[in-house]
Amino acid sequence: MSGGNRIRYAVVLGVALILAACNRPDLVDPTATPTPRLLSLGEIETRVVATLREEGRLTAEARPSDTPVPTEEPTATPSATPEGPTSTPTEVPSCLVVSNALNLRYGPGLTYSPPLQTLTSGTVLLPFAKNGDGSWIEVQLQGESTTGWVSSAGQFVSCNFDPSGLPLGQIPPTPTPTKTLTPTPSLTPSPTDKPTPTPTACPKFTNPFIRDSVSPGSTTVSLNWGSEGGCGAITGTVTATVKGDDSPYQIYSIKGGSGNLSDKSPIRGCSWTVIYVLTLKDSSGQTLTTSTSASLSIVC
(Lines give C-alpha, C1' and ligand atoms only; values in the text may rest on other atoms or scores of the structure.)
Protein backbone atom coordinates (compact mmCIF):
# COMPACT_ATOMS: atom_id res chain seq x y z
CA MET A 1 0.00 0.00 0.00
CA SER A 2 1.34 3.43 -0.94
CA GLY A 3 1.93 6.18 1.56
CA GLY A 4 -1.17 8.15 0.44
CA ASN A 5 -3.51 5.17 0.70
CA ARG A 6 -2.23 4.45 4.16
CA ILE A 7 -3.18 7.95 5.29
CA ARG A 8 -6.60 7.77 3.67
CA TYR A 9 -7.24 4.37 5.21
CA ALA A 10 -6.31 5.62 8.61
CA VAL A 11 -8.64 8.64 8.32
CA VAL A 12 -11.57 6.50 7.12
CA LEU A 13 -10.96 3.93 9.81
CA GLY A 14 -10.90 6.58 12.49
CA VAL A 15 -14.19 8.19 11.31
CA ALA A 16 -15.83 4.81 11.07
CA LEU A 17 -14.81 3.89 14.56
CA ILE A 18 -16.24 7.14 15.93
CA LEU A 19 -19.57 6.64 14.07
CA ALA A 20 -19.81 3.06 15.06
CA ALA A 21 -19.19 3.78 18.66
CA CYS A 22 -21.84 6.51 18.74
CA ASN A 23 -24.69 5.21 16.52
CA ARG A 24 -24.40 1.47 16.01
CA PRO A 25 -25.88 -0.75 18.60
CA ASP A 26 -24.73 -3.79 16.70
CA LEU A 27 -21.19 -3.06 17.74
CA VAL A 28 -22.15 -4.10 21.25
CA ASP A 29 -22.33 -7.79 22.00
CA PRO A 30 -26.11 -8.66 22.02
CA THR A 31 -25.50 -11.47 24.48
CA ALA A 32 -24.00 -9.17 26.94
CA THR A 33 -25.31 -8.75 30.46
CA PRO A 34 -26.74 -5.39 31.58
CA THR A 35 -23.09 -4.31 31.71
CA PRO A 36 -22.18 -4.80 28.02
CA ARG A 37 -18.73 -6.14 27.12
CA LEU A 38 -16.70 -3.83 25.00
CA LEU A 39 -15.40 -5.38 21.83
CA SER A 40 -11.72 -5.47 21.24
CA LEU A 41 -10.19 -3.12 18.75
CA GLY A 42 -9.66 -5.97 16.31
CA GLU A 43 -13.29 -7.06 16.50
CA ILE A 44 -14.47 -3.48 16.01
CA GLU A 45 -12.20 -3.06 13.00
CA THR A 46 -13.50 -6.24 11.39
CA ARG A 47 -17.12 -5.30 11.87
CA VAL A 48 -16.58 -1.73 10.68
CA VAL A 49 -14.90 -2.89 7.54
CA ALA A 50 -17.71 -5.41 6.83
CA THR A 51 -20.35 -2.80 7.38
CA LEU A 52 -18.61 -0.27 5.15
CA ARG A 53 -18.35 -2.89 2.45
CA GLU A 54 -22.06 -3.60 2.67
CA GLU A 55 -22.88 0.06 2.42
CA GLY A 56 -20.40 0.67 -0.37
CA ARG A 57 -18.51 3.30 1.68
CA LEU A 58 -15.19 1.53 1.41
CA THR A 59 -13.76 1.75 -2.10
CA ALA A 60 -11.55 -0.86 -3.53
CA GLU A 61 -8.65 1.55 -3.41
CA ALA A 62 -9.16 2.18 0.27
CA ARG A 63 -9.71 -1.41 1.22
CA PRO A 64 -6.94 -2.80 3.22
CA SER A 65 -5.01 -5.53 1.59
CA ASP A 66 -5.50 -8.97 3.01
CA THR A 67 -1.80 -9.48 2.59
CA PRO A 68 -0.10 -8.34 5.72
CA VAL A 69 2.40 -5.60 5.23
CA PRO A 70 5.75 -6.82 6.32
CA THR A 71 7.01 -4.98 9.27
CA GLU A 72 10.34 -3.41 8.58
CA GLU A 73 12.76 -4.91 11.00
CA PRO A 74 15.37 -2.41 12.18
CA THR A 75 18.74 -3.37 10.92
CA ALA A 76 20.92 -4.07 13.87
CA THR A 77 23.84 -1.75 13.86
CA PRO A 78 26.90 -3.76 14.62
CA SER A 79 28.57 -2.55 17.78
CA ALA A 80 31.72 -0.70 16.99
CA THR A 81 34.79 -2.52 18.05
CA PRO A 82 36.99 0.02 19.79
CA GLU A 83 40.12 0.48 17.84
CA GLY A 84 43.26 0.87 19.92
CA PRO A 85 47.00 0.43 19.51
CA THR A 86 48.02 -3.13 19.19
CA SER A 87 49.69 -4.08 22.46
CA THR A 88 53.27 -5.17 22.03
CA PRO A 89 55.50 -6.60 24.75
CA THR A 90 57.41 -3.82 26.62
CA GLU A 91 61.18 -4.24 26.50
CA VAL A 92 62.65 -4.32 29.99
CA PRO A 93 65.46 -1.72 30.47
CA SER A 94 68.66 -3.69 30.78
CA CYS A 95 72.39 -3.50 30.18
CA LEU A 96 74.82 -6.12 28.92
CA VAL A 97 78.41 -6.51 30.08
CA VAL A 98 80.58 -6.16 26.94
CA SER A 99 84.05 -6.17 28.50
CA ASN A 100 85.89 -9.37 29.36
CA ALA A 101 85.60 -8.57 33.07
CA LEU A 102 83.76 -5.91 35.07
CA ASN A 103 83.88 -5.41 38.83
CA LEU A 104 80.60 -5.17 40.76
CA ARG A 105 81.20 -2.80 43.68
CA TYR A 106 79.16 -1.81 46.72
CA GLY A 107 79.42 1.89 45.82
CA PRO A 108 79.98 4.13 42.79
CA GLY A 109 83.76 4.41 42.60
CA LEU A 110 87.08 2.60 42.72
CA THR A 111 87.43 3.51 46.38
CA TYR A 112 84.72 0.98 47.23
CA SER A 113 87.12 -1.93 47.45
CA PRO A 114 87.39 -4.85 47.40
CA PRO A 115 84.76 -5.60 44.67
CA LEU A 116 81.71 -7.71 45.52
CA GLN A 117 82.45 -9.94 42.54
CA THR A 118 83.79 -9.86 38.97
CA LEU A 119 81.23 -10.08 36.15
CA THR A 120 82.01 -11.76 32.83
CA SER A 121 81.08 -10.69 29.31
CA GLY A 122 77.40 -11.32 28.46
CA THR A 123 76.06 -10.87 32.01
CA VAL A 124 72.62 -9.19 31.91
CA LEU A 125 72.11 -6.32 34.38
CA LEU A 126 68.83 -4.65 35.41
CA PRO A 127 69.68 -1.01 36.30
CA PHE A 128 67.48 0.97 38.70
CA ALA A 129 69.53 3.97 39.87
CA LYS A 130 72.57 6.13 39.08
CA ASN A 131 75.06 8.39 40.86
CA GLY A 132 75.16 12.18 40.55
CA ASP A 133 76.91 12.45 37.17
CA GLY A 134 75.62 9.16 35.76
CA SER A 135 79.09 7.65 35.49
CA TRP A 136 78.01 4.70 37.66
CA ILE A 137 74.69 2.79 37.73
CA GLU A 138 73.21 0.60 40.44
CA VAL A 139 72.09 -2.74 39.02
CA GLN A 140 70.63 -6.11 39.93
CA LEU A 141 71.92 -9.26 38.30
CA GLN A 142 69.17 -10.80 36.18
CA GLY A 143 67.69 -13.84 37.88
CA GLU A 144 69.47 -13.08 41.16
CA SER A 145 68.97 -10.87 44.19
CA THR A 146 72.56 -9.57 44.06
CA THR A 147 72.83 -5.79 43.62
CA GLY A 148 75.76 -3.43 43.28
CA TRP A 149 77.33 -0.64 41.24
CA VAL A 150 79.12 -0.83 37.86
CA SER A 151 80.67 1.76 35.59
CA SER A 152 78.29 2.98 32.87
CA ALA A 153 81.11 3.67 30.38
CA GLY A 154 80.52 2.27 26.91
CA GLN A 155 83.63 0.09 26.98
CA PHE A 156 82.12 -1.86 29.90
CA VAL A 157 78.33 -2.05 29.35
CA SER A 158 75.81 -1.64 26.51
CA CYS A 159 72.27 -0.56 27.49
CA ASN A 160 69.02 -0.66 25.49
CA PHE A 161 67.95 2.70 26.98
CA ASP A 162 69.47 5.98 28.15
CA PRO A 163 70.74 5.47 31.73
CA SER A 164 70.75 9.25 32.31
CA GLY A 165 67.02 9.03 32.99
CA LEU A 166 67.48 6.77 36.01
CA PRO A 167 66.71 8.19 39.47
CA LEU A 168 69.50 9.02 41.88
CA GLY A 169 70.49 6.11 44.07
CA GLN A 170 71.48 6.06 47.71
CA ILE A 171 75.26 6.42 47.80
CA PRO A 172 77.01 4.42 50.54
CA PRO A 173 79.52 6.31 52.72
CA THR A 174 83.02 6.47 51.26
CA PRO A 175 85.16 3.86 53.00
CA THR A 176 87.85 5.15 55.34
CA PRO A 177 91.25 3.93 54.15
CA THR A 178 93.11 1.74 56.59
CA LYS A 179 95.98 3.63 58.15
CA THR A 180 99.35 2.06 57.50
CA LEU A 181 101.69 2.55 60.41
CA THR A 182 104.80 4.26 59.20
CA PRO A 183 107.82 3.52 61.35
CA THR A 184 109.06 6.62 63.07
CA PRO A 185 112.60 7.30 61.94
CA SER A 186 115.13 7.54 64.72
CA LEU A 187 116.11 11.07 65.35
CA THR A 188 119.64 11.87 64.37
CA PRO A 189 120.98 14.39 66.81
CA SER A 190 121.83 17.59 65.11
CA PRO A 191 125.37 18.70 65.63
CA THR A 192 125.44 21.27 68.34
CA ASP A 193 126.77 24.50 67.09
CA LYS A 194 129.52 25.46 69.44
CA PRO A 195 129.42 29.11 70.12
CA THR A 196 132.27 30.94 68.56
CA PRO A 197 134.21 32.49 71.37
CA THR A 198 134.32 36.20 71.18
CA PRO A 199 137.90 37.09 70.71
CA THR A 200 139.26 39.05 73.60
CA ALA A 201 141.27 42.07 72.88
CA CYS A 202 144.91 41.13 72.51
CA PRO A 203 147.15 42.87 75.06
CA LYS A 204 149.73 45.16 73.65
CA PHE A 205 153.06 43.47 73.06
CA THR A 206 155.68 45.59 74.82
CA ASN A 207 158.98 45.82 76.77
CA PRO A 208 161.21 43.33 75.00
CA PHE A 209 164.70 42.77 76.43
CA ILE A 210 167.73 40.54 75.96
CA ARG A 211 170.68 40.41 78.42
CA ASP A 212 174.07 38.81 78.15
CA SER A 213 176.51 37.49 80.71
CA VAL A 214 180.07 36.37 80.01
CA SER A 215 182.93 35.30 82.30
CA PRO A 216 186.36 36.89 81.79
CA GLY A 217 188.62 34.96 79.42
CA SER A 218 185.54 32.88 78.27
CA THR A 219 184.03 32.77 74.77
CA THR A 220 180.65 31.50 76.01
CA VAL A 221 177.87 34.03 76.45
CA SER A 222 174.76 33.37 78.53
CA LEU A 223 171.63 35.11 77.20
CA ASN A 224 168.14 35.58 78.63
CA TRP A 225 165.18 37.48 77.11
CA GLY A 226 161.67 38.50 77.93
CA SER A 227 158.67 40.67 77.01
CA GLU A 228 155.26 41.80 78.28
CA GLY A 229 151.77 41.45 76.80
CA GLY A 230 151.03 39.90 73.48
CA CYS A 231 148.62 36.99 72.92
CA GLY A 232 148.77 33.47 71.77
CA ALA A 233 151.94 31.67 70.92
CA ILE A 234 155.03 33.83 70.78
CA THR A 235 157.93 32.86 68.56
CA GLY A 236 161.09 34.54 67.52
CA THR A 237 164.83 34.41 66.78
CA VAL A 238 168.11 35.43 68.32
CA THR A 239 170.87 36.25 65.84
CA ALA A 240 174.55 36.42 66.84
CA THR A 241 176.91 38.49 64.70
CA VAL A 242 180.53 39.48 65.38
CA LYS A 243 180.70 43.18 65.09
CA GLY A 244 182.27 44.09 61.77
CA ASP A 245 181.07 40.93 60.00
CA ASP A 246 178.51 41.15 57.21
CA SER A 247 176.38 38.21 58.34
CA PRO A 248 175.51 36.47 61.60
CA TYR A 249 177.40 33.37 62.54
CA GLN A 250 174.40 31.92 64.39
CA ILE A 251 170.56 32.22 64.33
CA TYR A 252 168.59 30.65 67.18
CA SER A 253 164.86 29.91 66.94
CA ILE A 254 163.09 30.52 70.19
CA LYS A 255 159.52 30.05 71.54
CA GLY A 256 157.81 32.00 74.25
CA GLY A 257 157.81 35.52 75.46
CA SER A 258 160.85 34.77 77.67
CA GLY A 259 163.72 32.32 77.91
CA ASN A 260 167.50 31.82 77.95
CA LEU A 261 170.22 30.20 75.91
CA SER A 262 174.09 29.94 75.71
CA ASP A 263 176.10 31.04 72.72
CA LYS A 264 179.72 29.97 71.86
CA SER A 265 181.30 32.89 70.06
CA PRO A 266 184.10 32.48 67.53
CA ILE A 267 187.47 34.06 68.49
CA ARG A 268 188.36 37.27 66.77
CA GLY A 269 191.80 38.26 68.18
CA CYS A 270 192.34 39.13 71.81
CA SER A 271 189.06 41.01 72.22
CA TRP A 272 185.92 41.44 70.12
CA THR A 273 182.27 42.26 70.41
CA VAL A 274 179.22 40.08 69.51
CA ILE A 275 175.89 41.73 68.76
CA TYR A 276 172.76 39.70 69.70
CA VAL A 277 169.40 40.73 68.12
CA LEU A 278 166.11 39.45 69.62
CA THR A 279 162.99 39.37 67.45
CA LEU A 280 159.58 38.29 68.93
CA LYS A 281 156.14 37.92 67.29
CA ASP A 282 152.77 36.97 68.88
CA SER A 283 149.76 35.26 67.23
CA SER A 284 148.04 38.55 66.52
CA GLY A 285 151.01 39.66 64.46
CA GLN A 286 152.49 42.11 66.94
CA THR A 287 156.32 42.17 66.55
CA LEU A 288 159.03 43.33 68.95
CA THR A 289 162.79 43.77 68.30
CA THR A 290 165.65 44.57 70.66
CA SER A 291 169.41 43.83 70.91
CA THR A 292 172.38 43.66 73.20
CA SER A 293 176.23 43.65 72.76
CA ALA A 294 178.54 41.30 74.60
CA SER A 295 182.30 42.12 74.92
CA LEU A 296 184.67 39.14 74.93
CA SER A 297 188.45 38.88 75.49
CA ILE A 298 191.09 36.25 75.94
CA VAL A 299 194.70 36.23 77.13
CA CYS A 300 196.97 36.65 74.15
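Two strands count as paired if DSSP finds at least two bridges between them; strands themselves are DSSP runs (E, at least two residues), numbered from the N terminus. The model is a predicted one, so to speak of local features takes pLDDT of at least 70 and side-chain atom pairs count only at pLDDT 80 or more, while totals for chains, interfaces and linings use all residues. Residues are numbered from 1 along each chain as its sequence is written, and side-chain values use heavy atoms, with hydrogens and water left out.

An open sheet is built from three strands in the order S8-S9-S12, with antiparallel pairing. Strand S8 (206-214) and strand S12 (259-264) sit at the edges with a single partner strand each, so one side of each has no neighbour in the sheet. On average, neighbouring strands here are turned by 20 degrees against each other, direction ignored (axes are lines fitted to C-alpha atoms; angles run from 0 to 180 degrees between N-to-C directions). S8 and S9 are joined by seven bridges, and Phe209 has Gly226 in S9 as its bridge partner.

Thr239 belongs to strand S10. At 18% relative accessibility, Thr239 counts as buried (under 20% relative accessible area, with exposed over 50% and partly exposed in between; 1.4 Å probe, protein chains only). Leaving out residues up to four places away in sequence, Thr239 touches Pro248, Gln250, Ile251, Ile275, Tyr276 and Val277 (contact means heavy atoms within 4.5 Å).

How values were computed. Helices (H or I, at least four residues) and strands (E, at least two) are DSSP runs, numbered from the N terminus.
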